[in-house]
Structures are given as structure tokens and as C-alpha cells.
Amino acid sequence: MNVLKSIAVLGATAALITACGGGGSTGSAPPPVDNGSGSRTGTLAIFFSYGGVTVTAQGKSRAPAARTRRPQFITPGIQSLAIYDGTTLIYVANLSLAASQQFATVYANGAYTVSPGTCTNNPTSEVCTLSIRTTVGSHTIDLISYPAAQTAPANGGVPKFTGVISSEGEVVANVSSSVNSTASLTMLGVASNALLSGPDEAVYNSPVQFSYDVWDSTPLQILQPGAYDNGPVTISAVPSGVVTVSQPASFASPPPSPGPQSFTVTCTNPNGGSVSVVLQAGSHPNATYASGLAYSDANYSSGTLDSAQLSCDGQPAIAPITVQSHRLSPR
């Protein structure tokens with residue numbers, strides 16, 4: 001979600017996933033297959049869902065602090081998807097959710113067989129499926145989404161990923177030749193941008209309120225469950241010594257529902273001054289995932305989400321009052 005996304009990974013076929021609505025399967029697993037090296041294989045089906053809220057601001061246009069947003073389902077803006085088994089890239093596809101063929105393969109690792117399914121939506125989420133045929137045993141699956149389409153290199157190698165990563169997650173799944181296993185994860189939104197609103201001026205020692213939404217790169221507001229993948233989001237004022245920021249000045253978790261969060265700033269320097277109020281997050285994820293292969297600096301924001309200027313008035317001057325007295329002469 002610039003938005004939170006939940007994913008479940010199941011040791012079953014994609015058709016079986018659709019039939020059971022994303023829950024665990026009680027059917028029998030596909031028969032094991034010898035891949036020629038003596039290793040048995042099984043099918044791992046993945047389904048993932050997205051939900052979101054409308055975001056009307058483009059290019060960080062400002063809006064009043066009291067502005068509200070109403071939840072409304074929209075396509076989350078994901079244009080491509082990369083899947084890893086540990087640090088091994090196994091599949092990259094471009095997504096066109098409105099097309100009849102929604103997955104367009106950009107890269108496929110020959111040691112795996114990936115079969116894209118379909119994506120369907122309801123009023124609150126977008127649900128997609130795909131299946132992976134791989135060896136029996138434990139697999140660490142990483143899923144990374146981008147807001148831009150990817151391009152297959154002319155030599156057929158691994159694509160150079162384009163776009164700031166919008167979300168990612170990891171789950172350990174066991175592929176069995178006889179029992180269908182299940183696992184689930186929550187995709188964590190990568191904080192890339194924000195909309196920060198507040199007053200331009202404040203009087204000395206009088207708190208003022210700022211509101212903000214934190215988005216991923218699609219852009220959608222990031223919501224719970226889970227934490228910011230590159231969090232916490234921190235609030236600071238530069239230079240120091242002019243204002244204080246209400247505590248906590250850092251937020252590890254997104255809000256549970258759509259809408260702005262808020263904090264207060266108080267001008268505390270009697271001489272006044274101007275500050276830049278800044279929202280920041282990490283420029284790289286807190287978890288490593290497959291970072292050695294998937295990420296470059298171009299795949300993450302600078303870490304500065306948004307900023308706003310605030311001018312503080314000085315303490316009002318108090319003019320001295322002189323009282324003159326006169327002694328009365330005796331009569």
C-alpha cells in the first residue's frame with residue numbers, strides 16, 4: 001500500500017489456490033518429478049494481494065492540514081514483479097492488470113518453471129497467483145515489486161531493475177512431495193515519498209500541528225499490518241535549537257487505517273528563526289533479502305520523504321514602564 005500487502009505461499013498448485021480461496025489445501029500434492037539430477041521437485045503456488053487508498057497529490061503539491069481522504073480501491077500501480085529463491089533470481093514479469101494476459105515474462109531462470117496465474121480484484125484488494133516448480137525442501141522466497149516495467153537485456157541475461165521499489169517481503173516455505181504446506185507473509189511498504197502539511201508561521205511558545213501521509217513509490221499510502229520496510233520514519237527540524245517536536249519524533253509503524261498522521265511543533269527560541277521540518281526514512285531496507293542482486297541506489301529514494309518551512313516569531317518585547325513620583329511640599 002504505499003499500503004500494506006499480504007502474501008501467502010502454499011505448497012499446492014495455482015488451480016488449487018484459487019479453489020480454496022487462499023487457504024491451506026487438503027488435497028494431495030503433485031507427484032514428485034526427477035529433474036535429471038536425482039532431485040525431486042514439487043509445485044509451490046504463491047498468491048499475493050494489495051489494497052490501497054486514493055492519492056490525489058502528484059509532485060508533492062500541498063494541501064491544507066485538515067484535508068481528508070476517503071478509502072477507495074485503485075490498482076496499486078505495480079508494473080513489475082521479481083521473485084527470488086534465497087539470493088537466486090528465478091523470475092521477473094511485467095504486470096498489466098487490465099490486459100487479458102496480465103503477466104509478461106521478462107526473465108526466467110531455467111532451473112525453475114514459473115507459471116503465471118491471473119489477477120482479480122474486489123472492492124478492497126487485488127489478488128494474483130502464480131506457481132513455481134522447484135526442488136523439494138525448504139525455500140526462502142523473496143518477492144519485490146516495482147512501479148515501472150522492466151526490460152529484458154539483449155543478451156538474455158538478468159534485467160537491470162528500473163524504478164524505486166514499492167514493497168517487498170520474505171517467507172520460508174517447505175515444498176513437499178507428499179504434503180501440501182502453507183506459509184504467509186506481509187509485504188512491507190518502502191517509504192519513498194510523503195505529503196507534509198502545516199502552517200508557514202508560528203508564534204513563540206505556541207504549539208502548531210503538522211499532518212503527513214507516507215507513501216510508497218506507486219504512490220499509495222503505507223498502512224498496517226507490519227512496519228515501514230525502511231523505517232522508522234523520523235521527524236526533525238533543521239537547524240536545531242529553534243523548535244521542539246512532539247514525542248515520539250519517530251514512527252516505526254504506519255497507521256492502521258487511511259488518513260493523515262500528525263505531530264506538533266513548538267517555537268522555543270525567544271529570538272525566533274526559520275527551520276525546515278523534515279520527514280526521513282532509511283535509504284535501504286532493514287532486512288537484506290536479495291539485496292546483493294536486486295538493488296541499486298536508483299531503486300530506493302534518497303531517504304528524505306518531504307519537508308516544509310516554518311518561520312518562528314520571537315518572544316514579544318516588553319517595554320519598561322517608568323513611574324515618576326513627586327514629593328509635595330508642606331503648606
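Analyst: In this predicted model, L81 has a relative accessible area of 2%. That value lies under the 20% limit, so L81 counts as buried. L81 belongs to strand β4, which covers residues 80–85. A149 stands 68 residues from L81 along the chain, and the C-alpha atoms of these two residues are 8.8 Å apart.

The aromatic residues come next. Across the whole structure, 4 aromatic pairs are found. Y212 is buried, its relative accessible area being 1%. F263 is likewise buried, with a value of 3%. Ring pairs also join Y212 and F263 with F210 and F251 in a cluster.

F263 leads on to the nonpolar cores. The largest of these contains 29 residues, and F263 is listed with F210, V214, V243 and L310 as having the most contacts inside it. Several strands each contribute at least two residues to this core: β12 (193–197), β14, β15 (233–238), β16 (243–245), β18, β19 (273–280) and β20 (304–312). V243 illustrates the contacts of one member. Beyond its neighbours within four places in sequence, V243 touches A237, V265, T266, C267, T268, V275, L310 and C312. Of these, L310 is itself among the residues with the most contacts inside the core. Another core, of 19 residues, lies apart from the largest one, and its members include I78, C128, L130 and I132.

A word on confidence is also in order. The chain has an average pLDDT of 73, and 66% of its residues reach at least 70. Residues 1–38 form one of them, with 119 contacts beyond four places in sequence in the model. Residues 51–75 form another, with 64 such contacts. Where pLDDT is low, predicted coordinates should not be read in detail.

Technical notes
Residues are numbered from 1 along each chain as its sequence is written. This is a predicted model: local features need pLDDT of at least 70, side-chain atom pairs count only at pLDDT 80 or more; totals for chains, interfaces and linings use all residues. Side-chain values use heavy atoms; hydrogens and water are left out. pLDDT is the predictor's confidence in each residue, from 0 to 100. Contact means heavy atoms within 4.5 Å. Rings of Phe, Tyr and Trp (its six-membered ring) pair if their centres lie within 6.5 Å; planes under 30 degrees apart count as stacked, over 60 as edge-to-face and the rest as tilted. Buried means under 20% relative accessible area, exposed over 50%, partly exposed in between (1.4 Å probe, protein chains only). A nonpolar core is a set of buried Ala, Val, Leu, Ile, Met, Phe, Trp, Tyr and Cys residues joined through side-chain atoms within 4.5 Å. Helices (H or I, at least four residues) and strands (E, at least two) are DSSP runs, numbered from the N terminus.
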